[in-house]
Amino acid sequence: MSTRVQSDPDAWIYANSLWRPSSVITGRASLRLHGLPGLAVPAVDVLLPYSFPDRGLLRFHCSPPPGSLIHRVQGGLVSTPAAAALFLGIREDWDPICAALFKGITRPEDIQAARDFLIRHRGAPEMDRTLRYISQMPWSVPELELHELLRKVGITGWRGNMPVLLHPTENGQARARRCHPDAGFEAEKLAVEVNSEQYHSDSESFTANTLRARWFAAEGWTQMPVTPNQLRSRPNDFLADLYSRLHRRHRPPGIPRVRYRPRAPFWF
């Protein structure tokens with residue numbers, strides 16, 4: 001391959017379709033082809049029914065998927081987004097899964113259906129863990145960690161990215177605006193938001209966040225912001241604050257003290 005394209009995943013995807021037309025692209029490369037063109041692909045994962053040595057950016061895996069989990073994209077065979085998400089979940093690569101959920105490229109029910117087709121897969125425990133982690137539609141890794149923390153300590157009454165219909169007044173007229181708090185407690189009218197600097201630090205995001213806060217407040221909702229660093233470094237302070245805001249039926253008898261680690265299962 002020309003040195004000009006040796007680091008280009010799209011070139012390797014095309015080359016693979018020529019060299020091994022019966023192989024199936026999966027993982028990050030699959031999600032890139034299915035609607036995330038800007039997704040970084042440090043390696044192109046390829047499924048084969050036999051073992052084969054890696055080559056360049058191509059990483060071969062002896063694990064052919066069933067035909068129901070294969071699409072044809074740009075002339076090559078590509079695993080469905082749901083199957084690609086399970087592949088990535090086995091490898092604890094959560095960021096592209098969250099990006100695919102945010103873009104609507106796949107949904108938890110699609111991933112569950114793909115899991116049902118892979119009932120005897122050797123990565124079954126990791127797939128089931130993936131289904132747990134994405135069950136509430138996390139749109140970022142910090143959201144995924146927040147959701148798992150709430151499950152870990154037994155806090156109930158919340159939904160991830162639940163749609164909340166608000167009616168702010170703009171230019172003298174009431175408008176319907178649908179917002180999606182990272183973890184919403186409808187009974188308490190409490191919206192927990194994980195505000196990452198990656199997405200909330202520029203002036204446009206700051207303005208949008210200020211407007212959202214006014215919209216929520218106007219209809220009796222309370223926003224509870226937390227940064228990823230605060231959530232990870234001081235989870236017990238966060239939990240104590242959240243606990244004090246919840247109805248008794250949503251609070252466990254006692255909240256255990258937890259610590260964070262950057263790999264699954266995150267909280268211990």
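Modeller: Let us begin with aromatic pairs. This is a predicted model, and the count in it comes to 7 aromatic pairs.

Colleague: What is the geometry of the pair that W12 and W19 form?

Modeller: One reads two values, the distance between the ring centres and the angle between the planes. For W12 and W19 the centres are 6.1 Å apart and the planes stand at 70°. This pair is edge-to-face, because planes over 60 degrees apart are classed in that way.

Colleague: Are W12 and W19 buried or partly exposed?

Modeller: W12 has a relative accessible area of 7% and is therefore buried, whereas W19, at 35%, is partly exposed. The ring of W19 has a further contact: the charged end of R55 sits over it, 4.1 Å from the centre. A second case of this kind is R91, which lies over the face of F87 at 3.6 Å from the ring centre.

Colleague: Which residues do ring pairs link into a cluster?

Modeller: The cluster consists of W94, Y133 and F266.

Colleague: With which other residue does E92 form a salt bridge?

Modeller: The partner is R263, and the closest N and O atoms are 3.4 Å apart. This pair links distant parts of the chain, since R263 lies in the segment after helix 11 (235–245), 171 residues from E92. E92 is partly exposed at 21% relative accessible area, and R263 is exposed at 54%. Together, E92, R129 and R263 are linked in a network of salt bridges.

Colleague: How many disulfides does a search of the whole structure find?

Modeller: A disulfide is a covalent bond between the sulfur atoms of two cysteines. The search finds 0 disulfides here. Among the cysteines, C98 is buried with a relative accessible area of 0%, and C179 is buried at 4%.

Colleague: Finally, how do strand 4 and strand 5 run?

Modeller: Strand 4 (residues 70–73) and strand 5 (residues 76–79) run antiparallel and are joined by 4 bridges. V73 stands opposite G76 in strand 5. The two strands form a hairpin with 2 residues between them, and Q74 in the turn has a positive phi of about 50°.

Conventions. Residues numbered from 1 in each chain as written. Predicted model: local features only at pLDDT ≥ 70, side-chain atom pairs only at ≥ 80, totals over all residues. Heavy atoms only, no water. Pairing = 2+ DSSP bridges. Disulfide = S-S within 2.5 Å. Buried < 20%, exposed > 50% of the residue type's maximum accessible area, 1.4 Å probe, protein only. Phe/Tyr/Trp six-rings, centres within 6.5 Å; stacked < 30°, edge-to-face > 60°. Lys NZ or Arg CZ within 6 Å of the ring centre and 35° of its normal. Salt bridge = Lys/Arg side-chain N within 4 Å of Asp/Glu carboxyl O.
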